[in-house]
Amino acid sequence: MKRQIFTADHEAFRGTVRTFLAKEVAPHYAQWERDGIVSREAWRAAGRQGLLGLAVPEEYGGGGTADFRYSAVLTEEFTRAGAAGLAVGLHNDIVGPYLTALATEEQKRRWLPGFCTGEIITAVAMTEPGAGSDLQGIRTSAEDRGDHWVLNGSKTFISNGILADLVVVVARTTPEGGAKGLSLLVVERGMAGFERGRNLDKIGQKAQDTAELFFRDVRVPKENLLGELHGGFVHLMTNLAQERMNIAVAGIAAAEHLLEITSSYVKEREAFGRPLAKLQHVRFEIAEMATECAVTRAFLDRCIADHAAGTLDAVHASMAKWWATELQKRVADRCLQLHGGYGYMSEYPVAKAFTDGRIQTIYGGTTEIMKEIIGRSLLS
């Protein structure tokens, strides 16, 4: 079915993204995977190409468009290229909205130009060793010392954790438990007491630097408070819908790409003297996956359009996230099976997609949390 949510401008942007990936990413990606981190030059190249800060106002060096469809194009093409290591979606769609919506004028002028050029790489630090999807369990704390905060605690599984120059840290700024008392503090590279742990060894997304972060008596200036004091939980809930949409867009794009490469493979690969595509079981597998992808695509495109228009709610974003990522996981498993032994070889795209995509049902809120959000909205 022909997609109807994109204009000629969006498709022209898609061409720009594909050119960037072919020139600046594909030739270097294998080395980045071996290194466990992408080069800072790749971030600067993305900035020069106009791929960073799409929604940042032009006066700060950004693209000046809040149209989420451009972000969707970017996510789709990076997913198809298997280039999760260069986490522009995290930078643009997760950290970006905090800076554009919550930052003061002084903060915007200090951070956004570098954000758009790739000189400032960003991360958001929510997850802790004892608090994942449960943000109310966060223990990292910041004590008010008059003209600064003293930040103590640790975070884990932080994407861009090694490269990040600017980290939005979720910290408790009152002793009370629960959702109240969380604030967002911006910690910058070089602050005394801010340390990075090891670059974590993951089963997939090897080029994506994911780290532990430690804060030991870090003096955070009062002017680095982002948004309202004690308003962090509300800020997080406001922006989580876009994070989940970004993950969902990647989920359906990955499933569709896996279906494409597997359809080509079974036409060429022979077993028992004929192509795999001639076997009824294989045809049924392809038919089922194609139908599931088509139905999911229709829902996701509606969600993309609604989010671009500012009308998508958290419940439908949660539906999109859990359904698209669970579909991605099923399709990856079935496509790997259809590749047989070759599917288990790391040089085959299906093997890389299988391991790279497994995190999709976990980060940004697990499938179980998504179902809880949806069920609570329907039954409360």
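User: In which helix does Y29 lie?
Analyst: Y29 lies in helix α2. Please keep in mind throughout that this is a predicted model.

User: Is Y29 buried or exposed?
Analyst: Y29 is buried, because its relative accessible area is 8%, and buried means under 20%.

User: What is Y29 in contact with, leaving aside its neighbours within four places in sequence?
Analyst: Y29 is in contact with G82, A83, A84, G85, A207 and K352.

User: And how far apart are Y29 and A81 in space?
Analyst: Their C-alpha atoms are 10 Å apart, while 52 residues separate Y29 and A81 in sequence.

User: K352 was in that contact list. Which residue forms a salt bridge with K352?
Analyst: The partner is D356, and the closest N and O atoms of the pair are 2.7 Å apart. D356 and K352 are four residues apart in helix α10, so about one helical turn separates them.

User: Are those two buried or exposed?
Analyst: D356 is buried, with a relative accessible area of 11%. K352 is partly exposed, at 22%.

User: How many salt bridges are there by this rule?
Analyst: The count comes to 33 salt bridges. In general, side chains of opposite charge can pair when their charged atoms come close.

User: Which parts does the salt bridge of R297 and E76 tie together?
Analyst: The side chains of R297 and E76 meet with an N to O distance of 3.8 Å. R297 lies in helix α8 and E76 in helix α4, so the pair ties together parts that are 221 residues apart in sequence.

User: Why do R297 and E76 count as buried?
Analyst: R297 counts as buried because its relative accessible area is 7%. E76 counts as buried because its value is 3%.

User: What about D201 and K206, how do their side chains meet?
Analyst: They meet in a salt bridge, at 3.0 Å from N to O. D201 is exposed, with a relative accessible area of 68%, whereas K206 is partly exposed, at 32%.

User: Let us change topic. How many residues has the largest nonpolar core?
Analyst: The largest nonpolar core has 58 residues, and F20, F78, L86 and M245 have the most contacts inside it. At least two residues of this core come from each of several helices, including α1 (8-25), α4 (68-80) and α9 (314-339). The helix that gives the most is α7, with ten residues. As a general matter, nonpolar side chains tend to be buried together in soluble globular proteins.

User: You mentioned M245. What is M245 in contact with, apart from its neighbours within four places in sequence?
Analyst: M245 is in contact with F68, L300, C303, I304, L312, A317 and A320.

User: What does the second, separate core include?
Analyst: That core has 27 residues, and Y60, Y98, M126 and L166 are among them.

User: Now the surface. Which residues form a nonpolar patch there?
Analyst: Y342, Y344 and M345 form such a patch, with about 360 Å² of accessible area together. M345 is found in the loop between α9 and α10 (349-356), and M345 counts as partly exposed because its relative accessibility is 35%.

User: Where does H230 lie, and what is its phi?
Analyst: H230 lies in the loop between β8 (225-226) and α7. Its phi is positive, about 65°, although H230 is not a glycine.

User: And F272, what is its phi?
Analyst: F272 has a phi near 60°, which is a positive value in a residue other than glycine. F272 is found in the loop between β9 (270-271) and β10 (274-275), and F272 counts as exposed because its relative accessibility is 82%.

User: One last topic. Which feature does UniProt place at residues 7-119?
Analyst: The unreviewed UniProt entry places "domain: Acyl-CoA dehydrogenase/oxidase N-terminal" there. Over residues 7-119, the chain is 66% helix and 0% strand, with the end C-alpha atoms 31 Å apart.

User: And which residues does UniProt list for the C-terminal domain?
Analyst: For "domain: Acyl-CoA dehydrogenase/oxidase C-terminal", the unreviewed UniProt entry lists residues 231-379. That span is 76% helix and 3% strand, and its end C-alpha atoms lie 27 Å apart.

Definitions and conventions
Residues are numbered from 1 along each chain as its sequence is written. This is a predicted model: local features need pLDDT of at least 70, side-chain atom pairs count only at pLDDT 80 or more; totals for chains, interfaces and linings use all residues. Side-chain values use heavy atoms; hydrogens and water are left out. A nonpolar core is a set of buried Ala, Val, Leu, Ile, Met, Phe, Trp, Tyr and Cys residues joined through side-chain atoms within 4.5 Å. Buried means under 20% relative accessible area, exposed over 50%, partly exposed in between (1.4 Å probe, protein chains only). Contact means heavy atoms within 4.5 Å. UniProt positions are given in the numbering used here, feature names are shortened, and annotations may be inferred rather than shown by experiment. Patches are made of residues with over 30% relative accessible area and no salt bridge: like charges are joined within 9 Å, nonpolar side chains (Val, Leu, Ile, Met, Phe, Trp, Tyr) within 5 Å. Accessible areas come from the Shrake-Rupley method with a 1.4 Å probe; for residues, only the protein chains shown count as cover. A salt bridge is a side-chain nitrogen of Lys or Arg within 4 Å of a carboxyl oxygen of Asp or Glu.
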